[in-house]
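This report describes the overall fold of a protein chain and then turns to a single residue within it.

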Amino acid sequence: MLRSSQPLTGPNRKRCREDEMLLGTVLDEGERGFVIDTRSAQAAKQARMTGGGTEPKSSYPQWKRLHRPLERGRPLQESFIKLVEACNDTSINMDRWLSRLESSRWLSHVKAALSTACLAAQCMDREEASVLVHGAEGTDTTLLVTALAQVILDPSCRTLLGFQGLLEREWIQAGHPFHLRCSRSAYSHARLKQEAPLFLLFLDCVWQLSRQFPFSLEFSERLLLTLFDNAYASAYGTFLCNNEKESLCQVKESTHSLWAWLNEPGEKKKYLNPLYSHNPLVIWPSVEPQSIQLWQGLFFRWIRSSQHLDEAWAEIQRIVEGD
């Protein structure tokens, strides 16, 4: 699996021999690869007018391009805002609640992200093909797809340490602009142009996987909630910057790492799934509408008490440790 930003073909359809050679060396003679573009075909075409574009078939004859549009900007942020407002309105009746949940389109974004990640995973696992994923800059929906595909395919990414390594590699080092995307929250009245909950969408998708495969992920929902909290407000420097250069220059020497804290023995135990059993297989999630559920542990966490659920998990932990 590879990831990149969009090719800069521009309106004159410029070629980059180095790019063509690089992708050519990935495939042997007779093999075929897939380019998964997380923009619509129309958006990719329009990007040529500002210097961007996509891979022309004539220059990449062994690669088949697939467009799977994923929202990454204002529409995704507005969806998040609508969902939070609906969740916080405790006065609405059932019909009104279901209508507002549907109109937020948040679960549709979850379904689209999981579907695209499954497509990338299927190309690799069932077609045994190489996959290149990109959108525009390659730091938003691109990372969403590559990270999810690895959780689906690779059991090591479903362990506590492996998942931390995945986040470090696919989100932090790859340059997801956390400072811009998570500068405020859905509760803020400000509407910053570059804010968008891409990382939250990823965490929600991982929660969907943990719900459908409750024994296959070593970490619990508590870890996902902690990561969400620290992406928006943190005493640690892990999610502070927009790229690795900023992190190296401004953060790593003057802040503590979230990973170091999570891996302390006293803390680590809190984030483990007591039901975990190593599963070496690929986990294929269902993306049918009835299979995608609202992440109540996050969106209702300040509205509805989780006391009984916490007590149940504590009892499960006690039984497992007793065995």
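## Contacts and burial

Of the contacts (heavy atoms within 4.5 Å) in the protein chain with a separation of 6 or more, 80% are between residues 24 or more positions apart. Buried residues (under 20% relative accessible area, with a 1.4 Å probe and protein chains only) make up 47% of the 323 residues.

## Basis of the model

The model is predicted: local features need pLDDT of at least 70, side-chain atom pairs count only at pLDDT 80 or more, and totals for chains, interfaces and linings use all residues. Residues are numbered from 1 along each chain as its sequence is written, and side-chain values use heavy atoms, with hydrogens and water left out.

## Overall architecture

The protein chain contains 15 helices and four strands, taken as DSSP runs (helices H or I, at least four residues; strands E, at least two) numbered from the N terminus. Its C-alpha trace spans about 60 × 45 × 45 Å along the principal axes.

## Threonine 238

Threonine 238 is located in the loop between helix H10 (221-232) and helix H11 (244-251). This residue counts as buried because its relative accessibility is 12%.

Apart from neighbours within four places in sequence, threonine 238 is in contact with Ile172, His256, Ser257, Leu258 and Trp259. With leucine 258, a polar atom of the threonine 238 side chain lies 2.8 Å from the backbone nitrogen.

Key
Buried means under 20% relative accessible area, exposed over 50%, partly exposed in between (1.4 Å probe, protein chains only). A polar contact is a pair of N or O atoms within 3.5 Å; within protein, one must be able to donate a hydrogen and the other to accept it, and residues adjacent in sequence count only if both atoms are side-chain atoms.
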